[in-house]
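Here are my notes on the model. Please read them alongside the sequence and the coordinates.

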Amino acid sequence: PSDGMVRQAGIECVAASEDVSGMLEALATVDLSDLSFWNLIKTVKTFKAYQATPEFKAAQAADTKAGYELAVSFKPDVILHAGFEFAFWASVGEALGVPVLRYDLQPNHPTSEISFFKKEDGALPKCLNKLAFQAFNSQGIAKAQRPRALELRAIAGLSATAHRDGSPLVLPPDLPQMCAMSPSFVPQPTDWPPLKEMVGYWMMPPSTGYQPPQQLTAFLAAGAPPVYIGFGSMKGNPEFCKKLSTMAIAALAHAKMRGILLGGWAGLTAAVLDSSTDDGSRLAEYAAANVLELPSCPHDWLFPRCAAVVHHGGAGTTSVGLRAGKPTIICAVMSDQPWHGSLVAKKKLGLYAGMMSKVTGSSLGELLT
C-alpha cells in the first residue's frame, strides 16, 4: 500500500480496504508468466474465484462508499483517476458536477499505430491493433466496471438509466484522457482524436533527502557498480520466490558480477537457496561475497549507481530505468510487461529476456555479459 508515501508528501488520502497483494496471493497457484491457453483459463478462473469471495466484495463496497464520501468532503475542482476504474469516478464527477480526467500508464486508446500493450510488440498483425484495443476497453474494462459504477450511482442518488442532463446512461463515458508515457519512447498516434494525449512519464521529485544505510554505502564503494535485480510487486507462492531468487543469483554468478537484490513483494533473498545441493551451496557462497539484499530503496537514487537494471518491466520501474540511462533487462511476468520488454529491445535501450517462465540463471547471465 502506498498511502504512507502519499501522506508523507502532505496529501490527504483514504487507504483502500482492497489490497492488491491479496489478489496476487490468490493468484500464487498459477504461473502468471505462462501464457499457454490452458494456463490463461486457469488464471481467469482463479481471479474470478477471488473476486467472488466475501472479503473482496466487502472491501469493494467499503471503498466505493469511502471514495465517494472523501470526494464529497474534499470538494475537488477536478477528478483525475486511473483508466481501470473510470466508470466509477466518472459517476462521482457527475454527482459533484466537476470535470473528470482519465489517465493510463499505457497508450490505452484504440489506434492502428501502436501494438496492443498486453502483448509483445508486433505479436498481432497491425490491422488488428485497433480491434484489440476496442475489445479490451469494451469487455475488459467497461463491462467489468459497470456493476461498481451502478452501486455508486445508487449511493449518490443518480439514475441508473440516464445522466443528469437526461441523455441515456453510457458507462463508462468517453473522457479526456492522458497517457503517462514519454512520446520520445512511444510517439503519440496520429489517429488519436482530440483530448487524448501523451503527456510524458510522471516522476516523483528526486529523493534528495534519502540517507542510504551504511551497508549500502559500503557495498557500493567496495567494488565495481553492481547489477540491480528486483521484481517489484510481482508476488507469488514460496516456490515462485525460490525460483526468482535462484535465477537472479545464478545470473550474477554466471556473469561474475556483483548485485543488489531488492526484495519487494517477490521476496528476493539468498535465504531460500537450496544449500543441500552442490549448486545451491555454490550460489549461497557467491551471494555471501557479492550480493547485497535490501528490502527497498528509491529507484531514482539507486539506478544511476548501478551497471544495469534487471526488472519485471512494470510501467514505473521501466520509466525510472530509462531515465537513469542504464542498460535495462526485462524479465516479464504479466500484463504490459512483455510489451515494455519488447519495445525496450526494439529501440535498443536494453534487452528483453522474455517471459519469466522461460528465463534461467544462465540465459539471464549471458545477457549481462
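1. Helices (H or I, at least four residues) and strands (E, at least two) are taken as DSSP runs and numbered from the N terminus. On that basis the protein chain has 13 helices and 10 strands. With a radius of gyration of 22 Å, close to the 21 Å that the globule rule gives for 369 residues, the protein chain is as compact as a globular protein of that length. The radius is taken over C-alpha atoms, and the rule is 2.2 Å times the number of residues to the power 0.38.

2. This is a predicted model: local features need pLDDT of at least 70, side-chain atom pairs count only at pLDDT 80 or more, and totals for chains, interfaces and linings use all residues. Residues are numbered from 1 along each chain as its sequence is written, and side-chain values use heavy atoms, with hydrogens and water left out.

3. The C-alpha trace spans about 70 × 45 × 40 Å along its principal axes. Of the contacts (heavy atoms within 4.5 Å) with a separation of 6 or more, 60% join residues 24 or more positions apart.

4. Of the 369 residues, 44% are buried, meaning under 20% relative accessible area with a 1.4 Å probe, protein chains only.

5. Ser 319 lies in helix H11, which covers residues 315-324. Is Ser 319 buried or exposed? Its relative accessibility is 5%, so Ser 319 counts as buried. Leaving aside residues up to four places away in sequence, Ser 319 touches Tyr 201 and Met 203.

Methods
Buried < 20%, exposed > 50% of the residue type's maximum accessible area, 1.4 Å probe, protein only.
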